[in-house]
Amino acid sequence: MEKYFYPLINNIVDALVAIDKDGNVLVMNQRAEKLLDLKKEHMIGKHIHNIIPHCRLPIIVKTGEEERNRYICINKRQYKISMMPMVLDGKIEGAMALFHDITNYKKMSKEMDQDKVYIEILNTILDTANEWVTVVDEEGIITMMSKAYKEFLNISDPEGRHVAQVIENTRLHVVLETGVMEIGEIQEIKNKRMISMRMPIKKNGKIIGAVGKVMFKDIRDFQMLGKKISKLEKELAYYKSELDKERTAKYSFQDLVGDSDNMGLVKDMAMKVAKTSSNILITGESGTGKELFAHSIHNASNRYLGPFVKINCAAIPAELLESELFGYEEGAFTGAKKGGKPGKFELANGGSILLDEIGDMPLTMQAKLLRVLQEKEVERLGGNVIRKIDVRIISSTNKDLEALVKKGEFRQDLFYRLNVMAIKIPPLRERKEDIEALANELKMKLSNRLDIYVEGISQRAIEILKKYDWRGNVRELENVIERAINLLDSDLIIKSEHLPKRLTKNNQKIYPIENKPLKERVEEMEKELIIASLKANSGNKYQAAKALGISRVGLYKKLKRYGLEGVYTKEG
């Protein structure tokens with residue numbers, strides 16, 4: 001019989017301990033050894049209190065009564081115990097106890113209680129804010145929906161149902177499949193057009209659900225917000241222009257668009273130079289953004305609280321340049337302002353001065369400028385008072401000053417004074433990776449200025465912009481974007497046909513004359529454009545549809561129509 005006894009008690013999932021009528025351990029199964037961290041061979045015959053202090057088994061021997069569902073903590077683990085007497089021939093010969101480990105249950109119960117609290121707090125926040133939010137699991141089954149959303153949908157208990165059965169035109173189940181976040185998508189529910197966002201919920205790299213939120217309950221609210229933002233941006237531009245009149249730098253390095261290697265090196269160099277007090281010479285072709293760099297350098301320097309004064313040396317007649325730079329005293333010349341006038345160097349004291357187009361400065365003025373650089377002092381025209389100044393000089397030019405020095409048209413000693421730290425800005429044709437970002441930035445800037453809403457720029461137009469040589473650099477690109485905005489069609493997308501002929505004449509695809517109906521030839525062209533857009537956007541259908549100026553639903557229909565569902569299927 002004994003050979004069946006121990007295999008039987010060792011298969012019990014709970015820990016089992018039995019004592020004789022004297023309280024000594026009689027039996028112990030393997031589960032008890034493991035849970036109680038005991039060895040049977042060391043425990044058999046020892047009193048139970050030596051193993052489990054305050055154990056009530058000896059009391060069970062005396063009373064002969066069962067005790068169930070008592071709780072005890074042993075070795076930092078919690079157990080539920082059931083104890084009963086062992087009766088033989090009507091006499092109590094001992095007692096036994098079953099220990100059921102409930103440590104994990106307690107922990108899970110505590111976590112579930114915490115989760116319930118968090119969910120209740122979240123629901124309260126969502127309901128108070130009147131948000132329309134829904135959460136689904138990995139199967140698309142709704143696990144939570146805000147009260148306001150339920151009221152709008154006129155449904156009381158959507159939990160447990162598939163989201164597509166509850167929310168009209170939802171794409172949450174699609175987001176579960178693709179794992180791609182969708183923001184700003186137009187969704188129609190109950191004949192109302194609204195703007196939604198959908199985000200996958202991931203854990204350890206696996207999609208475990210998704211959350212959807214109605215960002216704007218009426219698309220008109222979005223349009224109204226867009227108008228308000230546009231108005232604020234215009235006001236900001238106005239205040240910037242007013243600040244400009246107050247001799248302050250408007251731009252910082254964050255305003256310099258471009259992440260190409262060439263642009264990155266120049267920006268890094270400029271940021272390092274900004275921290276010093278040395279004179280800086282910025283060179284580069286016309287339209288590359290030399291003035292923007294000068295503004296950024298001043299704002300990144302320790303002089304940023306001081307004035308930033310700029311003067312175009314090429315725009316002021318030679319006979320007036322001296323008085324503009326150094327100022328004049330009353331009566332210095334016919335028409336001189338009463339009380340005199342401080343020059344640009346005095347106005348820039350404690351800050352920075354930008355001498356734009358320094359290469360066009362007359363030789364006579366170069367000598368006087370050199371003295372100011374050497375002595376750090378100015379004397380007004382017609383005056384005899386020497387004024388000390390503390391000004392950092394930033395010069396810029398699109399000319400080759402070294403070549404002018406060789407020709408004798410620019411002083412060599414002045415060149416070395418100005419060219420302490422040299423920054424050369426690359427032309428746009430040498431950083432074509434930045435063209436798309438620049439074009440989109442200019443699109444936003446110009447659309448606000450012209451008060452014309454622009455949806456975007458087609459990928460085909462971007463490709464043409466990247467192929468052009470851009471001898472006029474960013475200034476020419478701005479001119480092209482402004483022209484395109486003024487020629488926009490009803491879909492509000494800048495396309496290749498809105499670009500000047502000088503850009504498109506070498507990018508037109510020639511289609512041979514064939515004996516095919518026009519409809520068939522148009523379909524062939526459309527198919528090619530769709531494939532090209534998918535390829536250019538690495539298979540991302542959202543970006544491809546945006547570049548083509550059509551909705552994603554429209555793109556899916558065309559893919560199905562032309563049998564292109566399997567082409568470039570990558571989504572993000």
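Which side chain meets that of Glu-346 in a salt bridge? The partner is Arg-387, at 3.5 Å from N to O. This is a predicted model.

## The Glu-346 and Arg-387 pair

Glu-346 belongs to helix H14, and Arg-387 belongs to strand E17 (residues 386–388). The pair therefore ties together parts that are 41 residues apart in sequence. Glu-346 is buried, at 18% relative accessible area. Arg-387 is partly exposed, at 24%.

The pair is part of a network. Salt bridges with shared partners join Glu-329, Glu-346, Arg-380 and Arg-387.

## Other salt bridges

The structure holds 27 salt bridges. One of them links Lys-310 and Glu-291, with the closest N and O atoms 2.7 Å apart. Lys-310 sits in strand E12 and Glu-291 in helix H12 (residues 290–300), so this bridge ties together parts that are 19 residues apart in sequence. Lys-310 is partly exposed, with a relative accessible area of 32%. Glu-291 is also partly exposed, at 29%.

Another salt bridge joins the side chains of Glu-159 and Lys-150, at 3.0 Å from N to O. Here Glu-159 is partly exposed, at 33% relative accessible area. Lys-150 is buried, at 19%.

## Helix H13 and its surroundings

Helix H13 covers residues 318–326. Its buried residues are Leu-321, Glu-322, Ser-323, Leu-325 and Phe-326. They pack against several elements, including strand E12 (308–312), helix H14 (344–347) and helix H15 (363–375). Strands E13 (327–328), E15 (352–356) and E16 (377–379) are also among the packing partners. Just after H13 comes Gly-327, with a positive phi of about 85°.

## A five-stranded sheet

Five strands form an open sheet in the order E2-E1-E5-E4-E3, with antiparallel pairing. Strand E2 (25–28) and strand E3 (67–74) are the edges, and each pairs on one side only. On average, neighbouring strands are turned by 25° against each other, direction ignored.

Within this sheet, strand E1 (residues 15–20) pairs with strand E5 (residues 91–101) over six bridges. Ala-15 stands opposite Phe-99 in E5. Strands of a sheet pair through backbone hydrogen bonds.

## The E6 and E7 hairpin

Strand E6 (residues 133–137) pairs with strand E7 (residues 142–145) in the antiparallel sense, over three bridges. Thr-134 stands opposite Met-145 in E7. Four residues lie between the strands of this hairpin, and Gly-140 takes a positive phi near 85°.

## A nonpolar surface patch

Met-181, Ile-183, Met-199 and Met-215 make a nonpolar surface patch of about 320 Å². Ile-183 lies in strand E8 (residues 182–189). Ile-183 is partly exposed, with a relative accessible area of 42%.

Key:
Residues are numbered from 1 along each chain as its sequence is written. This is a predicted model: local features need pLDDT of at least 70, side-chain atom pairs count only at pLDDT 80 or more; totals for chains, interfaces and linings use all residues. Side-chain values use heavy atoms; hydrogens and water are left out. Patches are made of residues with over 30% relative accessible area and no salt bridge: like charges are joined within 9 Å, nonpolar side chains (Val, Leu, Ile, Met, Phe, Trp, Tyr) within 5 Å. Accessible areas come from the Shrake-Rupley method with a 1.4 Å probe; for residues, only the protein chains shown count as cover. A salt bridge is a side-chain nitrogen of Lys or Arg within 4 Å of a carboxyl oxygen of Asp or Glu. Helices (H or I, at least four residues) and strands (E, at least two) are DSSP runs, numbered from the N terminus. Buried means under 20% relative accessible area, exposed over 50%, partly exposed in between (1.4 Å probe, protein chains only). Two strands pair if DSSP finds at least two bridges between them. Axes are lines fitted to C-alpha atoms, for helices over the stretch in contact, and angles run from 0 to 180 degrees between N-to-C directions. Contact means heavy atoms within 4.5 Å.
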